[in-house]
Amino acid sequence: MSFKLAVEFIALKDVRRSAKGKKAVAAPHTLVVFAGADLAMGEATTKLLGDCIETVTRAAQAAGFKGKASSALELWAPVGIDADRLLVLGCAPKQGPDTPAPADHVSIGGYLMGKLGSKGTADVVFDLPQSPEALAEAAADLTLGMRMRAYRFDLYKTKKNDDADSNGALSARVALSDFAGARLAVKARESIAEGVNIARDLVNEPPNVLYPEEFAKRAKALEKLGVVVEILDVKAMQKLGMNALLGVGQGSAHESRMVVMHWNGLKGAKAGKGAKAGSARPIAFIGKGVTFDTGGISIKPAGGMEDMKGDMAGAACVVGLMHALAARKAQVNVIGAIGLVENMPDGKAQRPGDIVTTMSGQTVEVINTDAEGRLVLADVLWRIQSVYDPQFMINLATLTGAILVALGTDHAGLFSNDDELAQRISAAGNATGEKVWRMPLGPAYDKMLDSKFADMKNIGGRHAGSITAAQFLQRFVNKKPWAHLDIAGTGMASPASDINQTWGSGWGVRLLDRLVADHYEK
Ligand SMILES: [Zn+2]
């Protein structure tokens with residue numbers, strides 16, 4: 001983040017209508033209030049605005065402002081108020097045919113941040129016309145949205161000075177009746193926002209900087225939070241027989257790595273024997289980390305190949321998630337595992353026609369070296385289920401272009417062998433706005449992977465590409481409860497939104513954090 005954002009919570013009575021003594025132009029003071037449909041406002045807001053309400057009403061009529069979410073009315077130097085700017089933010093729930101969500105305070109916060117810009121001070125009067133049931137949580141959500149929107153990735157821009165967005169500092173105070181509650185509720189949100197932004201950084205980094213070894217180093221930074229981080233190098237993986245993963249990376253000048261992160265949030269009695277012993281079994285998240293995917297010998301066309309730096313968005317999400325869980329001290333034992341490789345064409349690269357023996361003992365005929373993510377995940381899934389016996393495994397991968405054909409960028413593809421797990425993931429997705437859509441699995445699809453020469457081939461043919469990829473993974477989960485999220489459409493290059501303006505969205509961190517919080521803690 002290239003400008004400083006400070007957010008705190010204050011009592012309603014401490015709101016400033018003005019910031020006297022400040023240089024107005026250099027650092028404007030903005031007063032933010034909320035209005036719903038027909039300009040409905042909360043009691044405290046009405047009182048605060050006083051006579052100024054008339055000006056606001058006239059301005060709203062003139063501007064056609066109706067109080068809809070993701071709209072705002074902006075008045076500079078308003079008469080009757082000493083603030084440099086009065087921002088009236090719409091908060092009427094969006095109405096639509098599909099899932100009319102309750103007011104989404106995360107998105108409202110993101111929209112607000114977009115309006116505030118990167119300089120000055122702001123007092124946000126969080127007094128909504130219809131007070132949310134959990135007011136403190138809603139205010140904390142608002143600041144989560146602000147933090148996500150404030151993210152910038154401009155590490156490699158050397159001319160920062162002529163960019164008004166850079167080098168600024170915005171100090172925002174959110175005022176509400178239950179400010180003490182908000183101060184408590186915001187702690188977990190801060191951890192989540194950090195996790196999302198870490199995932200975004202990893203996805204946005206260029207592939208000459210972020211190769212497997214460097215990625216592993218970044219994951220190692222989680223040790224500061226008490227996460228135990230284990231890094232397996234090529235030798236260690238050779239010993240374990242992880243030939244599917246190693247085959248993908250063998251054409252690269254950069255060595256492959258596997259990283260296993262352990263967060264043991266359940267300690268002592270809770271993790272011991274007895275009635276609760278079951279809950280001490282870890283849950284596991286697994287990410288595909290192809291730090292750059294040329295396709296290998298089955299090389300991709302040149303157009304857009306630069307986007308293949310994002311082929312590690314699954315692994316980025318797992319690292320971001322582990323950060324969020326550890327930073328908020330989640331009461332759960334979690335394993336995060338990522339397979340890190342670079343898929344390059346080279347004299348040593350894997351060929352189409354090669355047959356590799358995976359760690360599970362099953363053999364795979366590599367028909368297309370660009371279907372490499374599943375080869376990486378096959379060995380990581382097998383390793384994690386066999387060593388740690390997790391309650392479930394969820395893997396994330398930018399696995400197939402076919403999922404974009406099916407679902408576009410609005411939903412990730414969900415594949416699962418467990419209805420309860422799938423249902424929980426869907427619910428967490430709806431709650432966070434990181435939506436998933438369940439796709440089918442079945443023996444007819446599985447059969448498409450049969451190979452003339454080995455136990456299976458690594459692609460299934462022209463049709464049902466996302467499904468056959470999932471079928472491939474399922475052969476390595478050993479009947480453990482498992483879900484696969486194909487995030488090729490959501491993990492990178494997704495459209496800008498109120499809470500995301502960057503290329504690497506950090507998709508999945510909030511969804512999976514929510515899943516853990518709702519079902520697996522304590
Ligand atoms: Zn590929």
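I began with helices H3 and H4. From H3, His105, Val106, Ser107, Ile108, Gly109, Gly110, Leu112, Met113 and Gly114 meet Ala138, Asp141, Leu142, Thr143, Leu144, Gly145, Met146, Met148, Arg149 and Ala150 of H4. I sorted the residues of this contact by class and got 10 nonpolar, 7 polar and 2 charged. I keep in mind that the model is predicted.

Next I looked up the geometry of this pair. The axes of H3 and H4 come within 6 Å. They cross at roughly 45°. H3 and H4 are therefore oblique to each other. I noted the hand as well: H3 passes H4 in a right-handed crossing.

Then I turned to the domains. How is the protein chain divided? I found domain 1 at 4–177. Domain 2 is made of 192–240, 258–336 and 385–519. The C-alpha centres of domain 1 and domain 2 lie 35 Å apart.

I checked where the domains touch. On the domain 1 side, 15 residues are in contact with 14 residues of domain 2. Which elements give two or more residues to the domain 1 side? They are helix H3 (105–116) and helix H4 (135–150).

I moved on to another helix pair. Helix H11 covers residues 373–388, and helix H15 covers 465–474. Their axes are 9 Å apart, and the helices pack at an angle of about 30°. That angle makes H11 roughly parallel to H15. The crossing of H11 and H15 is right-handed. H11 brings Arg374, Leu377, Ala378 and Leu381 to the contact. H15 brings Ala469, Phe472 and Leu473. I sorted these residues too: 6 are nonpolar, none is polar and 1 is charged.

Last, I looked at a sheet. It is open and has 3 strands, in the order S11-S12-S16. The pairing is mixed. Which strands stand at the edges? I found S11 (355–357) and S16 (456–457) there. Each has a single partner strand, so one side of each is left without a neighbour in the sheet.

I followed S11 to its partner. S11 and strand S12 (residues 363–365) run antiparallel and are joined by 3 bridges.

Definitions and conventions
Residues are numbered from 1 along each chain as its sequence is written. This is a predicted model: local features need pLDDT of at least 70, side-chain atom pairs count only at pLDDT 80 or more; totals for chains, interfaces and linings use all residues. Axes are lines fitted to C-alpha atoms, for helices over the stretch in contact, and angles run from 0 to 180 degrees between N-to-C directions. Helices (H or I, at least four residues) and strands (E, at least two) are DSSP runs, numbered from the N terminus. Angles under 35 degrees count as roughly parallel, over 145 as roughly antiparallel, 65 to 115 as roughly perpendicular and the rest as oblique. A crossing is left-handed if the near helix is turned anticlockwise from the far one by less than a right angle, and right-handed if clockwise. Two residues are in contact if their C-beta atoms, placed from the backbone, lie within 7 Å. Ala, Val, Leu, Ile, Met, Phe, Trp, Tyr, Cys and Pro count as nonpolar, Asp, Glu, Lys and Arg as charged, and the others, Gly among them, as polar. Two strands pair if DSSP finds at least two bridges between them. Domain bounds come from an automatic or database domain assignment.
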